[in-house]
Amino acid sequence: MKPDYIFESSWEVCNKVGGIYAVLSTRAKTLQDAMPDRIIFIGPDCWGDSKSPYFIEDESLFADWKEEAAKSGLNIKTGRWDIPGMPVSILVDFHPYFEEKNAIYGDMWNDWKVDSLHAYGDYDEASMFSYAAAKVVESFYDYFDLKDKKVIYHGNEWMTGLGLLYIKKHYPKIATIFTTHATSIGRSIAGNNKPLYDYLWAYNGDQMAEELNMQSKHSIEKQTAFGVDCFTTVSEITAHECRELIGKPVDVILPNGFENDFVPKAAVFTRKRKASRKKLLQIANCLTGCDFEDDTLIIGTSGRYEFRNKGIDVFVEAMNRLNRDERLAKQVVAFVEVPAWVGDARQDLQERMASGKTYDTPLEVPMVTHWLHNMDRDNVLSMMKYNDMQNRKEDKVKLIFLPCYLTGNDGIVDMPYYDVIIGKDLSVYPSYYEPWGYTPLESVAFKVPCITTDLAGFGLWANSLKGSYSELEDGVKTIHRTDYNFSEVADTIKDTVAKFSNMTDSQIKKARKAAENVSRKALWSEFIRCYWQAYDFALSRVGHIE
């Protein structure tokens, strides 16, 4: 069954703060093409009177309904998400609902036994947005009299759970879908340096939530999983986590795809790759005062600054060991591109880069491109200091910390992320906790082979394509990772990069082509069938029949 309308909400609709933004914004065009202007995204109005960089307001869109909704206290902006497909989007002001917070939480306890008593941090803000998003669906559904239509309400992450349960109670004919991209308690266990995988079968989710002070987030996530018509997640590894920690098997797995229309073609690809390499090697020279040959290997890792979960710690250690590996046949410039507590772009580095000169003396602290507010307590810099990684002239491996979002105006790189990644030779994402893994998928889309692990959903998927462990020649090297084999993973990364440095041009070309081929199997045109399956499942549960 195909829905007539889909409402989809997330804190990251028109709000670029994490990986879910990439999931939704790349999938939008595929759904918009299938059902034009009947896929409606709902996000938080975080900007007030300021202009959102991701949202194009259109006051004429649903003008009559918007005026009616305002009478009930629903303050919304209508327009389009500024992404391929330009889908209809609604931003809702959730702040007025804080006045009703206690009553809303009381209803949630009475109706669903959702425990909001232990809430702290972002719980209240997320819940009020979730409630406001549900009120948008309620208002639109009533105003346009959709009771005879097949309507889906799809919420992403625990932050939309409260609204999903509200719709489930008050509008049972609307089919509800909940996607957890990572369980809150699983991420917390991993982030608190507890062994997640060896003991997953033995953990009690409710007990661990109490131990880690996660009761409220775990409660809304669990009750939503049990309450909605269709419970979903993004990979097999997270499905196992849901079964053990939430206690509810998922109904459908929704892997994360992408659209490759942002990957430049032919001559433009070559030009952008050359520009990226030139800029990255210039940064390395201006920082370290070292010369870099054209065949220097440029490698890197990126993503959220979750030092252990994303494997940033093992990447730094691998680069430390690689520097002492006699098999390394080329110079290496490695980048850690994760947003930290960044201060200002380094003026001394800016001045060197503006001069256009080549330098033979290093700057002070030749490991970082931007000053940080917590230089003495930053994990990456602390680990480099502990390992005595100083980017000396005799070091074959130079490791550089690029601690900001690559939006194109950071003051040093001044290129957006996709224009940077295209210049790399190899990407490394040795995640310990990674439900899917958008960064390795983006990497292979730009023909950059990558190293990941079998604790990442993407790594497991890459293995499934081959039917065994994927290797560098397949475009993706998947490393076996456990709770306790940090050192072995670091050595395998080191060995893989050393091997790559000795590959012939023909072998590298084949690996790059294989990476591109892997990415084509992950296009939304391939994965969207899983969503149609989830829509059909949810609609069937509420009694719709063909």
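1. How are H3 and H4 oriented to each other: roughly parallel, roughly perpendicular or oblique? The model under review is predicted, and in it the axes of H3 and helix H4 (residues 123–143) come within 11 Å and cross at roughly 80°. Angles of 65 to 115 degrees count as roughly perpendicular, and H3 and H4 are therefore roughly perpendicular to each other. On the H3 side the contact is made by Lys101, Ile104 and Tyr105; on the H4 side it is made by Tyr123, Asp124, Ser127, Met128 and Tyr131. By class, the residues of this contact of H3 with H4 comprise five nonpolar, one polar and two charged.

2. Helix H3 (residues 101–112) also packs with helix H5 (residues 161–170), at an angle of about 60° and with the axes 11 Å apart. H3 and H5 are therefore oblique to each other, and H3 passes H5 in a left-handed crossing. From H3, the residues in contact are Ile104, Tyr105, Met108, Asp111 and Trp112; from H5, they are Leu162, Leu165, Tyr166, Lys168 and Lys169. Seven nonpolar and three charged residues make up the contact of H3 with H5, with no polar residue among them. Ile104 and Tyr105 deserve attention: they belong to the H3 side of the contact with H4 and to the H3 side of the contact with H5.

3. A further helix pair is formed by helix H15 (residues 438–445) and H18, whose axes come within 7 Å and cross at roughly 125°. That angle makes H15 oblique to H18. The crossing of these two helices is left-handed. Which residues meet here, from H15 and from H18? Leu441, Val444 and Ala445 in H15 meet Ala515, Glu516 and Ser519 in H18. The contact of H15 with H18 has four nonpolar residues, one polar and one charged.

4. Two elements give two or more residues to the lining, namely helix H10 (266–288) and helix H18 (505–520). Of the elements, H18 gives the most to the lining of this pocket, with six residues. How many residues of the lining are charged? The lining of the second largest pocket has twelve charged residues, three nonpolar and no polar.

5. Rolling a probe the size of a water molecule over the atoms shows where empty space is left. A search of the whole structure finds two cavities of 30 Å³ or more.

6. The largest cavity has a volume of about 40 Å³. Its lining consists of His118, Ala119, Tyr120, Tyr123, Asn213, Met214, Gln215, Ser216 and Lys217. Helix H8 (residues 215–227) gives the most to this lining, with three residues. By class, the lining of the largest cavity has four nonpolar, four polar and one charged residues. Tyr123 links this point to the first: Tyr123 lines the largest cavity and is one of the H4 residues in the contact with H3.

7. For the second largest cavity, the volume is likewise about 40 Å³. Which residues line the second largest cavity? They are Tyr197, Ile237, Thr238, Glu241, Tyr433, Glu434, Pro435 and Leu455. Five of the residues in this lining are nonpolar, one is polar and two are charged.

8. H18 is oblique to H15 and gives six residues to the lining of the second largest pocket.

Conventions: Residues numbered from 1 in each chain as written. Predicted model: local features only at pLDDT ≥ 70, side-chain atom pairs only at ≥ 80, totals over all residues. Heavy atoms only, no water. Helix = DSSP H or I, 4+ residues; strand = E, 2+ residues; numbered from the N terminus. Nonpolar A, V, L, I, M, F, W, Y, C, P; charged D, E, K, R; others polar. 1 Å grid on protein atoms, 1.4 Å probe; cavity = no way out; pocket = protein on both sides within 12 Å on 5 of 7 lines; lining within 4 Å. Points joined across faces, edges and corners; volume = space filled by probe spheres on them. Axes fitted to C-alpha atoms, helices over the stretch in contact; angles between N-to-C directions. Parallel < 35°, antiparallel > 145°, perpendicular 65-115°, else oblique. Left-handed = near helix turned anticlockwise from the far one by under 90°. Contact = heavy atoms within 4.5 Å.
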